[in-house]
Amino acid sequence: MRYQHAEARRPLLHPQLTPVYRVFDFHLSRCQAAPMCGRKYASEELTWAEYREALDITGTPPNTNFQPNYNIAPTHVMPVAVHESTQHVLRPMMWGLVPTWAKDATRSYNMINARAETLEEKPSFKNLLKSCRCAVLVSGFYEWKRDGKTKQAYRIERADGEPMILAGLWAENGYLETTTYSIITTNATPAFGPIHNRLPAILERDQVATWLHGQWSHAKSMTEPYSGDLDVKPVGNAVGNVRNNYAELLEVKN
């Protein structure tokens, strides 16, 4: 069943992943092109089986798959993989990291990304590197290429058709009762450079365990630019408005 045209809404999660914290609203519909990586998508093909296999998730599967979200924007809540005890589990998190020490969430939109080159320097991120790394499974992400005064939207996926596993950092803020995450970005590859100068850090399946709970000295190498091929296709600029959230956003523009 295709997702019907409707105003954007936060994805419905399985009851096991129901958020227990407040979600802060921002006026994102005015942002026609968010920073890299500022938009991503999870299509209806991204099933529970894909989550389980790609991220080695354990536990009881949900009765239904997660609702697709064709225009994931900052402040949306998504299932995010973390390491707890001896297993990988999914936790609902808001996109836009709120540091553990923050007294308000107004800066979270500015912290949707974390530059790989400065992770060990920034106070908001360096204390998360040891034990608060996470992985986010998506179908792909959107990016905009500027051409003079205009911008063209593109959807980007792995060329091999596999779901995309993005490396991130997460934080719990007890004062604000939030659990949030940020996507790590790297320099773009020469092939992707004409579109944008940054790329999200993309993991392979056999790197997930090390990324989630290995030593930082080993995981650090996984924040290098992605070495695989990417499938980049132009799409309509309707994706620039977060109120648009339907499968047709992925249709290739001729």
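**Side-chain pairs and strand packing in the predicted model**

Glu172 is partly exposed, with a relative accessible area of 40%; on this scale, residues under 20% are buried, those over 50% exposed and those in between partly exposed, as computed with a 1.4 Å probe on protein chains only. The model is predicted, and local features therefore require a pLDDT of at least 70 and side-chain atom pairs a pLDDT of 80 or more, whereas totals for chains, interfaces and linings use all residues. Residues are numbered from 1 along each chain as its sequence is written, and side-chain values use heavy atoms, with hydrogens and water left out.

Secondary structure elements are DSSP runs numbered from the N terminus, with at least four residues (H or I) for a helix and at least two (E) for a strand. Salt bridges, for which a side-chain nitrogen of Lys or Arg must lie within 4 Å of a carboxyl oxygen of Asp or Glu, number eleven in the structure. In one of them, Glu172 meets Arg91 at an N to O distance of 2.4 Å. Since Glu172 belongs to strand β9 and Arg91 to strand β4, this pair ties together parts that are 81 residues apart in sequence.

In the salt bridge of Lys233 with Asp231 (2.7 Å, N to O), Lys233 is partly exposed at 27% and Asp231 is partly exposed at 24%. Glu50, Glu162 and Arg205 are connected in a network of salt bridges.

Strand β9 (164-173) is mostly covered, nine of its ten residues being buried. Strands are taken as paired if DSSP finds at least two bridges between them. By this criterion β9 runs antiparallel to β6, to which it is joined by six bridges, and Leu169 of β9 stands opposite Arg133. Six bridges also link β9 to β10 in the antiparallel sense; here Thr179 of β10 is the bridge partner of Glu172. The hairpin of these two strands has four residues between them, and Glu177 within the hairpin adopts a positive phi near 55°. A further antiparallel pairing, over two bridges, joins β9 to strand β12 (residues 202-203), where Leu203 stands opposite Ile165.

Aromatic pairs were assigned to rings of Phe, Tyr and Trp (its six-membered ring) with centres within 6.5 Å, and were classed as stacked for planes under 30 degrees apart, edge-to-face for planes over 60 degrees apart and tilted for the rest. The count comes to six such pairs. Tyr41 and Tyr142 form a tilted pair, with centres 4.9 Å apart and an angle of 40° between the planes. Because Tyr41 lies in strand β1 and Tyr142 in strand β7 (residues 140-147), the pair ties together parts that are 101 residues apart in sequence. Tyr41 is buried at 0% relative accessibility, and Tyr142 is likewise buried at 0%. Phe141 and Phe192 form an edge-to-face pair, at 6.2 Å centre to centre and 65° between the planes. Phe141 lies in strand β7 and Phe192 in the loop between β10 (178-187) and β11 (198-200), so parts 51 residues apart in sequence are tied together. Both Phe141 and Phe192 are buried.

A charge was taken to sit over a ring if NZ of Lys or CZ of Arg is within 6 Å of the ring centre and within 35 degrees of the ring normal. The charged end of Lys40 sits over the ring of Trp95, 2.9 Å from its centre, and that of Arg133 sits over the ring of Trp211, 5.3 Å from its centre.

Trp48, Tyr51 and Phe66 make up one aromatic cluster. Trp48 and Tyr51, together with Ala54 and Leu55, are the buried residues of helix α1 (residues 48-55). These residues lie on the same side of α1, because they cover an arc of only 145° around the axis, the arc being that of the directions from the helix axis to the C-beta atoms. They pack against β3, β4, β6, β9 and α3, with contact defined as heavy atoms within 4.5 Å. Just after α1, Asp56 takes a positive phi of about 55°.
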